Amino acid sequence: MNTPLSWIKAYVPGLDVTAQEYTDAMTLSGSKVEGYEALDKNLEKIVVGQIVKIEKHPDADKLIVCQVDVGAGQPIQIVTGAPNVAEGDLVPVVLDGGKVAGGHDGGPMPEGGIRIKKGKLRGVESNGMMCSIEELGSSRDYYPEAPEMGIYIFEKGSVQPGDDAVAALGLRDVVFEYEITSNRVDCFGVLGIAREAAATFGRPFEPPKVEVKENDESVNDYIRVEVKDADLCPRYTARVVKNIKIGPSPRWMQRRLAANGIRPINNIVDITNYVMEEYGQPMHAYDLDTISGHQIIVRRAEDQEPFVTLDGQSHTLDDSMLVICDAEKPIGIAGIMGGENSMITDNVRTMLFEAACFNGTNIRLSGKKLGMRTDAQSKFEKGLDPNNAIAAIDRACQLVVELGAGEVVGGTVDVYLKKKEPKVIPFSAEKVNRLLGTDIPLEEMIGYFDKLELKYDPETSTVEVPTFRQDLEGLADLAEEVARFYGYDNIPTTLPNGEATTGKLPFALRVEQAAKETAEYCGFSESMTYSFESPKVFDKLLFDADDPARQTIVISNPLGEDFSIMRTTPLNGMLNSLSINYNRRNKDVRLYEMAKIYLPKSLPLSDYPDERVQFTLGMYGEGDFFTMKGVVEECLERIGMKERIVYDPNAGKNFLHPGRQAAIIYDGEAIGYMGELHPDVADNYKIGSRVYVAVLDMPKLTEKATFDRKYEGIAKYPAVTRDISMVMNKSLMVGQVESIIREKGGKILESLELFDIYEGSQIKEGFKSVAYSITFRDKTRTLEDKDVNDVMAKILSALEKLGIELRK
Amino acid sequence: MKERLEQICREAIGRIESAKELDTLNDIRVAFLGKKGELTSIMKSMKDIAPEERPAFGQMVNKTRAQIEQKMEEMKTRLARQARQAQLKAEVIDVTLPAKKGNLGHKHPNTIALDEVERIFIGMGYEVVDGPEVEKDYYNFEALNIPDGHPAKDEQDTFYINKEFLLRTQTSGAQVHVMETAPLPIRMISPGRVYRSDEVDATHSPCFHQIEGLVIDRHITFADLKGTLAEFARELFGEETKVKFRPHHFPFTEPSAEMDVTCFKCGGKGCRMCKGSGWIEILGCGMVHPRVLKMSGIDPEEYSGFAFGVGLERIALLKYEIDDMRLLYENDKRFLKQF
């Protein structure tokens, strides 16, 4: 909401502040000023000049030479190309060294304005410039009397040569932009903000005195109103104006509307807009002669009811929407826009003013369904105070009379079944102080309430709240009123001093952090991707048609299909990130993500889904399957998972290379999987490099993780190492060999290390050579050859049973 | 004989002094002091000397041996030092050659900011708790004093799953879960993802992160809220940071406020980052609305509390001067490695 300071000052006389002071104080008392703009910020040395004499330019057909009286004795000479000036005209003149806001074409305005200096135009001296409204930083939208092309001309008699032209145009003003919170419906009108300003600066608040001069007739002879759906229309008021004379509204009204960003149209439209801005109460004017049956009916629309709004758009209504009808047909969509069939035209003679109160939620939903967003609607949506309607409609009628725009028929139609009464809130200064941590005396609190028109009753210890402050409901709300005028800044700063609590990170988060840090040591950087994605990812990842991962939580109103399901696999996010990097030619990329997948327990969703944090690692470039395997093991070791990890090559993942994938099994339970990305999937993600991924399920890791460590002692007795070399079928996995060595090695086996693996010449087709170095140690004594020989014999015989041939 | 000894001594010392390498010294040792060395052979000729002169002669030989040995030691030390010096001289490297780095990975800027926030609040006795992202409408709205039809419900442009479930629009719902179940007093923060139906652009993302904070105890005051958050701001943005509380409106707190901090780029003088105001808006906060307490089964007459919500991306973007929010979700290596 934008409002000029001059309009606020109209209701807060004596308010004398700079724009910055106003901004700071209002913001601290709760009416946040987002910014302000001085309308005269780039207007310097601009006065009213009267053209005394016009002569042709000796050397240019399109230029004229004017002698202009600027109130300084001798007229000054100005050369102009403007076509619209005549001798005797009063015009804005920027003097030598002055400044204007923009060019005459109305194009974008330079930040610092345009400096004007005297000079020569085609050899003739020119000591200033006559200005168009665009050069003064505005436009014909806001100054409709300005000519389309050319210099702004003042009304004769309204100004004198030498006057401040900027002031004469109403541009010595500052327009403030507010961020009004949705609970302060009253502050969506200038009067509400003025009331806040008065309270903030300790000035009297003087709203307009509304008195309507009306004729002897009765409005009831002109119109009858019936509200059929009172649940959506708590109040409907109407008045009639006859003998209407459509014309422009006065300059002061145009200026105020312009400053609020509303284009002046004519006196009647301007009055409705002006009152809407002033009181925050939208109004509508109907041409009474178009209303059939002298009747207004407020009802829900019929399903599929067609309607054309005054902007010429056709709409199809439904039975959730409220319409204003005459005896035969709808003439307006309540609270949103009137109809073309009843709109005010220049030929209007008699008019019906409407100031009503509609159900805010209903208006909002209707507007949404219709795809409409009008000023009136945005005000109604917030839920207006029905008690404001009469004041607004009377104010409009007062202005009609004042502006000579018509004659007001006596009386008001007012359909108001359930009057809204002021709320009474129990109040305790002590409780307020206890909540705020302050020591503010009761009298001071009452002082703040008075300014806000809240009435404190010492008898009952209650505060009566006017209906326009529907945001105030309980003691906490009153505490806020006290706090914001006492000043949030003046409230002390303390720390809570209750029972001590232990700050902690839950175990699951500690495990996550340890895993993340280890990944970072291994060169993986942290990525973050969206939780939702496209249902198409499952095809992209070659998931089976009946894969359970395809059972997803679907967003009913997504931003688009690409963001429509909650992910059940973290892979797509990771592969997209790798793909972005690959396409940007980043080399050797390693990423991890620690984020949730969302597994529904049943569909449609009727219970909280299983939100499982997945630790996803992905890389391309330097490194291979075993690099990734190493990272997985480093991470598991870091979180105390030191038991032997089993890698089952039958992970069953379609998106991984069929010969290069493994389920990661710990303690007999699958805790994740890893592998090389299937080249088809890499193609789908446009990654032209081998990609390795690993996914670990954090809830399972958390179950098995520990940060407990026990010192095991450093071996005192020497170790014995034996190397064995064997030839075996290619299809045998070294994992099988290792299991046998471990099983048969018994207690004295300390470690085993694969030190050579070879296929090729010297080894027969289909076989491979594998060599291990096996270390034995007894913690209690020095091993003898015989001990080791016995164990080795068991190992070798078990290996031979697998068909493994030992190389001697 | 004496002359002979003196001559050997001179000769030996002469050769020692002219030695250039440690090996030469060893040769000299063998030549003079070894089993077949000069001095040894003179000792052997002792039998040719009169017995009464033998002690004096023996002393002379020993003295000569001592002299030679001492000289030898001196020379050895000197040569060893020279050799070490030569080695060091030969081993000069170009220290400006590139480093061999381990290529450590980098944390996401969001995480760095979150870790900071967690560290500060854990230090103040807060527990970190998780909350569901797929949330019930009740916890996201109604329990936070946002009933059906409330404009705030619309302002937030919610992603719905069905009538009952939605993607949470704020982490505040986690408050309610904690209030319903945890023993009092409560001091917790709850970070996590939240969702709003905003199209992706430089300043919006449909999926982003918030951190919710909640304190419930007897006698918690607005002054405590101010003190706690001022402390937080100083920890996060530096000791010099000042804070300003402005009245605001949130349905689930009353009184409510927004907190600004002095611009951490210009220190409050006014710059492009703070749009000249010297202040930067950082979080929303307030005293927990009595209705919210009551709905969660806490007696507002006995207990009070405060809550606050911080946008994680906002802090990360401001702190690291990142000018486009989309960068946070692209995961470009060249972006991530700057943190």
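Me: What is the handedness of the crossing of α5(B) and α9(B)?
Reply: In this predicted model, α5(B) and α9(B) cross in a right-handed manner.

Me: And at what angle do the axes cross, and within what distance do they come?
Reply: Helix α5, residues 109-123 of chain B, crosses α9(B) at roughly 135°, and the two axes come within 10 Å. Because of that angle, α5(B) counts as oblique to α9(B).

Me: Which residues meet there?
Reply: From α5(B) there are B:Glu116, B:Val117 and B:Ile120, and they meet B:Phe232, B:Glu235 and B:Leu236 of α9(B). Sorted by class, this contact has four nonpolar and two charged residues, with no polar ones.

Me: Switching to the two chains, how many residues of chain B are in contact with chain A?
Reply: There are 72 residues of chain B in contact with 75 residues of chain A. Helix α9 of chain B, residues 222-237, gives the largest share of the chain B side, namely seven residues, and α9(B) is also the helix that α5(B) crosses.

Me: How does that side of chain B divide into nonpolar, polar and charged?
Reply: The side of chain B that touches chain A has 32 nonpolar residues, 20 polar ones and 20 charged ones.

Me: Staying in chain B, what is the strand order in the open sheet of seven strands?
Reply: The order is β1-β4-β5-β9-β8-β7-β6, and the pairing is mixed. At the edges stand β1 (127-128) and β6 (243-250), each with a single partner strand, so one side of each has no neighbour in the sheet.

Me: Which helix packs on the sheet?
Reply: Helix α8 of chain B, residues 172-181, packs on the sheet and touches β4 (186-195), β5 (207-217) and β9 of chain B, while its direction makes about 35° with that of β5(B).

Me: How many bridges join β8 and β9 of chain B?
Reply: Five bridges join β8 (residues 279-288) to β9 (residues 304-311) in chain B, and the two strands run antiparallel. Within β9(B), the residue opposite B:Gly284 is B:Gly309.

Me: Over to chain A: at what angle do α19 and α20 pack?
Reply: Helix α19 (residues 734-745) and helix α20 (residues 785-801) of chain A pack at about 145°, and their axes are 9 Å apart. The crossing of α19(A) past α20(A) is right-handed.

Me: Which residues make the contact?
Reply: On α19(A) they are A:Val737, A:Ile740, A:Ile741, A:Lys744 and A:Gly745, and on α20(A) they are A:Val791, A:Lys794, A:Ile795, A:Ala798 and A:Leu799. Seven of the residues in this contact are nonpolar, one is polar and two are charged.

Me: What about the open sheet of three strands in chain A, what is its order?
Reply: The order is β25-β27-β26 in chain A, with antiparallel pairing. The edge strands are β25 (423-426) and β26 (455-457), each pairing on one side only, and neighbouring strands of this sheet are turned against each other by 25° on average, direction ignored.

Me: How many bridges join β26(A) to β27?
Reply: Three bridges join β26(A) to β27 (residues 462-465) of chain A, and A:Lys455 has A:Glu464 in β27(A) as its bridge partner.

Me: Last one, which residues of β13 in chain A are on the covered face, and which on the uncovered one?
Reply: In β13(A), residues 224-227, A:Val225 and A:Val227 form the covered face, whereas A:Arg224 and A:Glu226 form the uncovered one. Four bridges pair β13(A) in the parallel sense with β16 (residues 295-300) of chain A, and the bridge partner of A:Arg224 in β16(A) is A:Gln295.

Conventions
Residues are numbered from 1 along each chain as its sequence is written. Chains are lettered from A and ligands numbered from 1 in the order in which they are written. This is a predicted model: local features need pLDDT of at least 70, side-chain atom pairs count only at pLDDT 80 or more; totals for chains, interfaces and linings use all residues. Two strands pair if DSSP finds at least two bridges between them. Axes are lines fitted to C-alpha atoms, for helices over the stretch in contact, and angles run from 0 to 180 degrees between N-to-C directions. Two residues are in contact if their C-beta atoms, placed from the backbone, lie within 7 Å. Ala, Val, Leu, Ile, Met, Phe, Trp, Tyr, Cys and Pro count as nonpolar, Asp, Glu, Lys and Arg as charged, and the others, Gly among them, as polar. A crossing is left-handed if the near helix is turned anticlockwise from the far one by less than a right angle, and right-handed if clockwise. A residue is buried if 20 or more other C-beta atoms lie within 10 Å of its own, exposed if 12 or fewer, and partly exposed in between; C-beta atoms are placed from the backbone. Angles under 35 degrees count as roughly parallel, over 145 as roughly antiparallel, 65 to 115 as roughly perpendicular and the rest as oblique.
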